[in-house]
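Please read the following report alongside the sequence and the coordinates.

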Amino acid sequence: MAGLPQIDVTVTEPASAGRRGMARQSGPGGQRPLWLELLSLPLLVLIWHVLAVVVASRFLPTPLDVGREIVDLTAHGPLLSDFGKTLARAGIGFVVAMAIGSLLGLVLGRVRLVDRLFGPWIVVGLNLPAIVVAIACYIWLHLTEFALVLAVVINKVPLVTTTIREGVRSFAPEYDELADAFRVPFGQRLRIIYLPQLLPFALAAARTGISLIWKIVLVFEVLGSDGGVGFRVGVYFQFFDMKGVLAYTVVFIVVVMTVEYLVLRPLEHRFLRWRDTH
Amino acid sequence: MARHALNIDVREKRFGGGEPLFSNFRLCVAPGEVVALVGPSGVGKTTLLRLIGGVDDDFVGEISVDGVPARQAPPPGFVFQDARLLPWFDAVDNLCAVLGHVDEASALAMIGRVGLGAHARAYPRQMSGGMQRRLGLARALAANPRLLLLDEPFVSLDSVLVGELLELFRSIFEAERPTTILVSHDPEDAARLADRVVLFSGRPVGISGELSFDIPRAARGAVDIARLAEAVSAAGQGGAT
């Protein structure tokens with residue numbers, strides 16, 4: 001039996017774009033020059049260096065001095081163990097908060113009654129000062145790792161819940177009808193219809209979550225812990241040791257940027273590349 | 001008595017607290033028969049198609065396919081008014097993911113059959129509206145369904161594409177003989193494809209007329225189609241059977 005004549009229209013698909021190889025397209029403003037992006041951070045370091053030379057104060061060391069301090073702290077100091085502790089706390093807090101927040105967001109997004117009943121709790125959670133949560137956890141549970149991670153989770157969960165709830169609310173009913181018509185079983189429906197619609201929201205929650213958790217873990221470590229980046233920065237603060245503070249800050253920024261460029265962006269590109277096709 | 005492929009008995013269907021859209025509505029369709037539901041916009045044609053397809057099960061009554069309640073019968077091939085593709089999957093995955101049991105080779109073959117062979121790995125956003133509709137059709141046909149539900153499959157398509165799709169439908173109807181319900185507001189579509197035309201009118205929806213075409217689909221020429229379409233229009237206006 002004959003089929004329809006083959007369509008061969010030109011679509012604006014990159015020549016190399018195969019199934020797994022869709023490239024990110026430039027926006028309406030055209031291709032962004034990569035060299036500008038690559039130049040951005042060295043420019044910041046250069047400005048810092050010039051400022052440090054001009055000011056010539058022990059409270060603003062040069063990037064070179066800070067670099068030496070990083071090497072020294074890595075080789076002979078507590079830098080690695082501090083970062084290990086902070087990363088472990090942030091990692092555990094992030095995973096637990098994402099899991100609980102996603103579950104709550106799914107329930108609140110799907111069940112209107114539950115949303116009406118517990119929605120205000122989320123508003124309270126969103127507006128609760130992080131420092132109050134940390135102090136309360138430390139008083140009730142003492143200065144323990146559990147109290148610190150719990151405080152992180154309590155601070156982060158409302159944000160994840162809200163984002164995922166919005167994602168669930170934005171589900172297109174037409175896709176449900178499609179699944180009904182073709183009798184798509186629930187598990188398959190979850191995989192091919194719900195998760196892809198939820199993914200942009202989950203990635204947004206992860207991104208804001210990571211940036212929030214980094215910051216609050218450090219604050220909580222200053223408040224009460226026996227090690228970690230926040231604890232060490234607090235110690236350096238007491239001695240007005242800006243070289244130490246900046247050494248930890250620079251490494252901290254490198255870690256954050258590594259997570260952004262080596263984990264989040266590839267994930268985003270892998271799962272959301274269809275949105276960049278035209 | 002001959003067993004019907006599709007038995008529709010909708011005792012009541014209403015939206016919210018309004019008056020019923022369907023009340024004691026019955027329609028039977030023989031195996032392999034192509035029935036066109038024709039009537040003005042908003043009369044209830046698409047609603048009936050959704051009830052048959054299991055997209056809407058909020059009604060009182062029974063719809064069975066080959067003697068099995070519609071919800072438990074094998075899934076129909078459903079062509080929606082819009083293409084309704086999943087934008088996060090490419091063309092092949094739009095078939096494989098939704099149909100589950102259709103493998104990549106079968107999906108590729110069906111995509112080639114609707115003329116999209118060169119775009120098997122393109123995403124819906126990279127396709128024109130006509131190409132998306134073809135892909136929606138490929139999805140409906142890929143599982144070789146015994147029941148085909150077509151909701152205005154030609155609406156807002158250009159005449160060249162409509163001609164090609166009509167040809168494809170004719171060949172499918174002759175070769176595979178799926179029982180088909182075609183919803184259309186255009187008497188000409190019905191005249192080209194249907195074995196029988198059921199005219200809808202009123203509220204609750206009633207069957208105001210029926211026409212059975214005695215000229216085989218493949219043998220219908222332009223003059224026959226124009227004459228049949230005219231008969232459908234006249235029946236729609238006069239309520240003749």
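Among contacts in chain A between residues at least 6 apart in sequence, what percentage join residues at least 24 apart? The share is 75%, a contact being heavy atoms within 4.5 Å.

This is a predicted model, in which local features need pLDDT of at least 70 and side-chain atom pairs count only at pLDDT 80 or more, while totals for chains, interfaces and linings use all residues. Residues are numbered from 1 along each chain as its sequence is written, chains are lettered from A and ligands numbered from 1 in the order in which they are written, and side-chain values use heavy atoms, with hydrogens and water left out.

Chain A has ten helices and zero strands, these being DSSP runs (helices H or I, at least four residues; strands E, at least two) numbered from the N terminus. Of its 278 residues, 39% count as buried, that is, under 20% relative accessible area with a 1.4 Å probe and protein chains only.

The interface is summarised here.

| Chain | Residues in contact with the other chain |
|---|---|
| Chain B | 49 residues |
| Chain A | 32 residues |

Together the two chains bury about 3600 Å², 61% of it on carbon and sulfur atoms, where buried area is the accessible area (1.4 Å probe) lost on putting the two parts together, summed over both. Trp88(B), Arg125(B) and Gln126(B) supply 21% of the area that chain B buries against chain A, more than any other three residues.

The rule finds two salt bridges across the interface, each a side-chain nitrogen of Lys or Arg within 4 Å of a carboxyl oxygen of Asp or Glu. Glu177(A) forms a salt bridge with Arg84(B), with the closest N and O atoms 2.6 Å apart.

Technical notes: Buried < 20%, exposed > 50% of the residue type's maximum accessible area, 1.4 Å probe, protein only.
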